[in-house]
Amino acid sequence: MKWIRETLLVLALIGCSDLPGPAPREAAGPNPPPLVLQSGGLYCTEPGAQLSSGALYKVCVDPAKWNRDIVVFIPGYHDPADAPSLPDDFSETPVSLLFSTLGYGFASTSFRGTGLIDRATWVGGDLLELVETAKTLLANSAGRTARFVYQTGGSQGGLGTVMAVEQYPNTFSGGLAGCGPIGDYRRQLDYVADFRVVFDHYFADVIPGWPVWKQVLGAGNPGYVDPGSWDTAERDAGAALDDPGNADRISQVLRVTHAPIDPGDRATIKGTTLGILWYSFRGTNDAIAKSGGMPFDNRDRRYSGSTDDDALNAGVERFQATADAEKLASLQTAARLWRPLVTIHDTGDPIVPVWHESLYRSRLNLLGRLLHTPITVQRYGHCNFTDAELLAAFAVLVLEVSGQNLLVATSALPKAQARASFLALARQHGASPTLIP
């Protein structure tokens with residue numbers, strides 16, 4: 001019954017006062033540089049503002065509209081070879097504008113590095129420092145103290161969001177996690193690696209110079225893929241996928257790996273394939289370095305779904321895991337909730353499959369399942385959400401955290417169809433948001 005759920009939620013949130021506080025961290029300074037007026041009436045940090053670790057950060061607010069709540073947004077997976085940069089791409093509208101126009105303070109950080117998330121220094125360091133810095137800046141600008149802090153992020157940022165809400169319930173009031181590998185990170189690594197070895201099995205002989213993924217044991221080199229070879233590999237793999245003569249090969253790859261496509265759009269075959277292969281090329285060395293060895297093991301894996309499974313299993317490359325189990329465990333969510341968590345996922349996500357949602361939920365205890373609200377969107381794509389869907393999910397989170405319904409100006413959703421979608425999705429999950437002129 002609804003009243004039972006609401007009563008248990010209240011008891012859970014009251015009990016959070018006895019939980020340990022966040023880990024000690026360095027501050028960005030007692031008086032961070034003040035926010036400055038931007039176009040449109042927002043006050044934001046100057047470009048290039050940095051936390052004590054050197055991580056970039058951004059804080060914005062309209063002091064006249066601020067409702068005393070903060071939305072924190074963190075980045076997804078970035079190419080390990082790239083420099084850290086501030087994220088702003090979770091929906092059709094930049095998230096900094098989407099939330100600040102609703103009256104929320106907005107805060108974001110690049111983290112101090114790129115590649116696989118570092119729970120201790122990124123979540124436990126940069127993210128916590130960002131929240132304290134944002135509280136100081138918003139109080140200085142608006143003359144009021146912050147109330148609720150909503151943690152948000154997509155893809156790997158969704159993973160970081162869940163980690164933050166689980167680990168620091170006295171800092172974060174709740175979280176909205178989109179399209180994240182929250183159910184089982186090891187299975188996520190296996191999903192990408194399985195796709196790569198099956199693709200190599202079917203395509204290595206038709207792509208000239210294709211760099212087959214191999215493992216070199218010993219000598220401190222458990223496996224290597226030259227990340228600089230991706231541009232050439234993308235071109236050659238794309239050409240092979242465009243060749244009608246290879247249609248049966250890619251069909252078998254997709255059947256064996258269960259990687260999603262949109263049956264009504266043949267272009268998604270190429271999109272899915274190149275998308276997953278990119279993570280193999282650009283992320284393999286990163287995963288090996290941060291887990292202390294090869295994280296993938298398929299020595300006992302039996303692949304099925306092809307026209308000749310015996311030939312596939314006899315010919316596919318086999319790998320032995322050498323990674324540090326403790327380091328791999330640091331990439332896993334705890335599946336222990338003390339604060340409300342809303343998750344949103346596309347059913348046809350080819351990069352982080354939707355099965356992460358059910359896996360995460362299966363690991364939660366009764367209290368965790370009461371605090372968790374999963375939302376699925378029937379669509380192909382990775383983090384492929386509309387403004388209406390994102391705001392509907394956020395409306396559910398606001399209701400769970402504050403007991404209040406979200407007020408959204410019609411200008412944020414200018415089309416009647418978007419407004420209808422927003423209201424329908426939010427109400428489906430228990431919220432009753434209000435559209436105002």
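**First stop: a cysteine bridge**

Begin by selecting C179, which counts as buried because its relative accessibility is 0%; buried means under 20% relative accessible area, exposed over 50%, and partly exposed in between, with a 1.4 Å probe and protein chains only. A disulfide is here a pair of cysteine sulfur atoms within 2.5 Å. The torsion about the S-S bond of C179 and C383 is about 95°, so the disulfide is right-handed. Helices (H or I, at least four residues) and strands (E, at least two) are DSSP runs, numbered from the N terminus.

**A note on the model**

The structure is a predicted model, in which local features need pLDDT of at least 70 and side-chain atom pairs count only at pLDDT 80 or more, while totals for chains, interfaces and linings use all residues. Residues are numbered from 1 along each chain as its sequence is written, and side-chain values use heavy atoms, with hydrogens and water left out.

Colour the chain by pLDDT, the predictor's confidence in each residue, from 0 to 100. The mean pLDDT of the chain is 90, and 90% of its residues reach 70 or more. Over residues 20-28, however, the pLDDT is below 50, and this stretch has 18 contacts in the model beyond near neighbours in sequence. Contact means heavy atoms within 4.5 Å.

**Second stop: the other disulfide**

How many disulfides does a search of the whole structure find? The search finds 2. Select C44 and C60, which are joined by a disulfide with an S to S distance of 2.0 Å. C44 belongs to strand 2 (residues 43-44) and C60 to strand 3 (residues 56-61); the pair links distant parts of the chain, 16 residues apart. About the S-S bond of C44 and C60 the torsion is about 115°, so this disulfide is right-handed. Both C44 and C60 are buried. When the bonded cysteines of the chain are numbered in sequence order, the pairing is 1-2, 3-4.

An open sheet is formed by 9 strands in the order 1-2-3-5-4-6-7-8-9, with mixed pairing; two strands pair if DSSP finds at least two bridges between them. At the edges are strand 1 (36-37) and strand 9 (372-380), each of which pairs on one side only.

Select strand 4 (residues 70-74) together with strand 6 (residues 149-154): the two pair in the parallel sense over 5 bridges. Within this pairing, I74 stands opposite G153 in strand 6.

The structure holds 17 aromatic pairs. Rings of Phe, Tyr and Trp (its six-membered ring) pair if their centres lie within 6.5 Å; planes under 30 degrees apart count as stacked, over 60 as edge-to-face and the rest as tilted.

Select Y77 and W278, an edge-to-face pair at 6.3 Å centre to centre with 90° between the planes. Y77 is in the loop between strand 4 and helix 2 (95-100), whereas W278 is in helix 8, 201 residues apart. Is Y77 buried or exposed? Y77 is buried, with a relative accessible area of 13%, while W278 is partly exposed at 21%. Y77 also pairs with Y279 in a tilted arrangement, 5.6 Å centre to centre and 50° between the planes.

For a further selection, take F99, Y104, F148, Y150 and F394, which ring pairs link into a cluster.

Select helix 7 (residues 247-257), in which I250, Q252, V253, L254, V256 and T257 are buried. These buried residues pack against helix 5, helix 6, helix 8 (267-291) and helix 9 (309-315). Just after helix 7, H258 takes a positive phi of about 60°.

Finally, select S229 in the loop between helix 5 (185-203) and helix 6 (230-242). S229 is buried, with a relative accessible area of 18%. Leaving aside residues up to four places away in sequence, S229 touches P211 and F281.
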